[in-house]
Amino acid sequence: MARAIAIAWLVLGLASAGCGDYGGGGTNDGTSGIPDGTTPPPPGSPPPVTVDRAVSVQAFTQTVYPIVREHCADCHAGAGPGSPSIAHPDLESAFSATVNSQKVNLTTPNRSRLVRRLAADFHYCWSDCMMNGAEMEAAISAWAEILALAAPPPGG
């Protein structure tokens with residue numbers, strides 16, 4: 001009986017860890033480089049920037065969204081088994097799912113959950129996991145760069 005209970009707990013734990021998170025380090029709303037408060041930005045990080053949500057959605061459309069639509073939609077488009085729906089066919093839904101579940105860290109892109117799932121967890125890579133992780137990191141970095149360029153000048 002004790003063995004059966006232990007196995008049940010193990011199965012439950014493994015099932016709940018399937019698409020779990022690393023516990024923070026993402027952004028709070030996709031419109032800024034401000035960390036969510038669970039992990040302080042590393043020394044030397046660029047200062048946080050704040051821009052309009054529409055600018056961030058447009059940046060997502062140009063950077064991360066094409067990658068997740070091409071490679072992650074089988075599971076993460078809303079009808080598949082994956083959650084959150086980061087590859088949803090509706091752009092706003094995909095954007096909200098990505099930022100609200102803290103899958104990107106615009107301050108430190110290599111710490112983004114989307115990068116770590118590929119490069120560290122080897123989660124459904126489309127070719128070489130390390131290269132796929134680097135591609136995702138570059139896309140998130142490009143998103144952050146677009147936001148930095150769109151941000152109002154300091155003190156302005």
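How many disulfides does the count come to by the rule applied here? The count comes to one disulfide, where a disulfide is a pair of cysteine sulfur atoms within 2.5 Å.

1. Basis of the note. This is a predicted model, in which local features need pLDDT of at least 70 and side-chain atom pairs count only at pLDDT 80 or more, while totals for chains, interfaces and linings use all residues. Residues are numbered from 1 along each chain as its sequence is written, and side-chain values use heavy atoms, with hydrogens and water left out.

2. The disulfide. Cys125 is joined to Cys129, with an S to S distance of 2.0 Å. The link of Cys125 and Cys129 is right-handed, with 115 degrees about the S-S bond. Cys129 is buried at a relative accessible area of 15%; buried means under 20%, exposed over 50% and partly exposed in between, with a 1.4 Å probe and protein chains only.

3. Cys72 counts as buried at 18% relative accessibility, whereas Cys75 is partly exposed at 27%.

4. Helices H3 and H7. Helix H3 (residues 64–71) and helix H7 (residues 129–150) have axes that come within 9 Å and cross at roughly 150 degrees. Helices here are DSSP runs of H or I with at least four residues, numbered from the N terminus; axes are lines fitted to C-alpha atoms over the stretch in contact, with angles from 0 to 180 degrees between N-to-C directions. Val64, Ile67 and Val68 of H3 meet Glu135, Met136, Ala139, Ile140 and Trp143 of H7, contact meaning heavy atoms within 4.5 Å.

5. The largest nonpolar core. This core has 28 residues, of which Val64, Val68, Met136, Ile140 and Trp143 touch the most other members; such a core is a set of buried Ala, Val, Leu, Ile, Met, Phe, Trp, Tyr and Cys residues joined through side-chain atoms within 4.5 Å. H7 gives the most to this core, with six residues. Apart from neighbours within four places in sequence, Val68 is in contact with Ala73, Ile86, Ala87 and Met136.

6. Helices H2 and H5. The axes of H2 and H5 come within 10 Å and cross at roughly 95 degrees. H2 is therefore roughly perpendicular to H5, a term that covers angles of 65 to 115 degrees. Residues in the contact include Phe60 of H2 and Phe95 of H5.

Conventions. Helix = DSSP H or I, 4+ residues; strand = E, 2+ residues; numbered from the N terminus. Parallel < 35°, antiparallel > 145°, perpendicular 65-115°, else oblique.
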